Amino acid sequence: MAKRKPVFKMISYGEYSQWERESSDIPKILDFTTRIEAEIGTEFGYVLHIAGGKGEAVSFKIEHPPFKNEDGNTAPPFEGEQFVRTNDFRFYLGDCVWEPLDDKLGNWELTTYHKGKVVARKVFELVKK
């Protein structure tokens, strides 16, 4: 019998409550929007529901406006991988605005991939609050 493919569905996107990165809890949605009125500490992104994907992995990429990293170089896109731990899995992909604010303003493109194929993508426009 062939293995079923996981099903991916974006269940929310926009501005969220603060996310505790060490917690398994997903942050709470505050506003469904792609235009984020940003200030230091604003959390934004999306939640992806993955059904039937236990044991699989998804990769992600966050493309952001050009800003300098600690070494003074332009920071590359953020990339990573997430292991799907259950057959009813919720994956939060997002970021939080940090100082200085001005170089974080602009378009942020968040993309999730499964086996090299795009399964979710959302572009957020960060503007000063």
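Predicted model: local features only at pLDDT ≥ 70, side-chain atom pairs only at ≥ 80, totals over all residues.

Trainee: Which lysine lies over the face of tyrosine 13?

Mentor: Lysine 122 does, at 4.0 Å from the ring centre.

Trainee: How many aromatic pairs does the structure hold?

Mentor: There are 11. Rings of Phe, Tyr and Trp (its six-membered ring) pair if their centres lie within 6.5 Å; planes under 30 degrees apart count as stacked, over 60 as edge-to-face and the rest as tilted. One of the pairs is phenylalanine 67 with phenylalanine 78, which is tilted: 6.3 Å centre to centre and 45° between the planes. Phenylalanine 67 lies in the loop between β5 (57–63) and β6 (78–83) and phenylalanine 78 in strand β6, so the pair ties together parts that are 11 residues apart in sequence. Strands here are DSSP runs (E, at least two residues; helices are H or I, at least four), numbered from the N terminus.

Trainee: And phenylalanine 67, buried or exposed?

Mentor: Buried, at 6% relative accessibility, while phenylalanine 78 is partly exposed at 27%. Buried means under 20% relative accessible area, exposed over 50%, partly exposed in between (1.4 Å probe, protein chains only).

Trainee: Why does the pair of phenylalanine 67 and tryptophan 108 count as stacked?

Mentor: Because their planes are at 25°, with ring centres 6.3 Å apart. That pair links distant parts of the chain, 41 residues apart, with tryptophan 108 in strand β8 (residues 106–114). Both of these residues are buried. They also belong to one aromatic cluster, together with Phe44, Phe78, Trp98 and Phe124.

Trainee: OK, new topic. What's the strand order in the open sheet?

Mentor: It goes β2-β1-β4-β7, 4 strands with antiparallel pairing. The edges are β2 (29–32) and β7 (88–96), each pairing on one side only. Two strands pair if DSSP finds at least two bridges between them, and β1 (residues 7–16) with β2 has 3. In that pairing, tyrosine 16 stands opposite isoleucine 29 in β2.

Trainee: I keep looking at histidine 49. Which strand is that in?

Mentor: Strand β4 (residues 43–51). Histidine 49 is buried, with a relative accessible area of 17%.

Trainee: What does the side chain of histidine 49 make a polar contact with?

Mentor: The side chain of aspartate 88, at 2.4 Å. A polar contact is a pair of N or O atoms within 3.5 Å; within protein, one must be able to donate a hydrogen and the other to accept it, and residues adjacent in sequence count only if both atoms are side-chain atoms.

Trainee: Where does proline 100 sit?

Mentor: In the loop between β7 and β8. A cis peptide bond joins glutamate 99 and proline 100, with omega about -10°.

Trainee: And what's phi like for lysine 115?

Mentor: Near 50°, a positive value in a residue other than glycine. Lysine 115 lies in the loop between β8 and β9 (117–128) and is exposed, with a relative accessible area of 67%.

Notes. Residues numbered from 1 in each chain as written. Heavy atoms only, no water. Lys NZ or Arg CZ within 6 Å of the ring centre and 35° of its normal.
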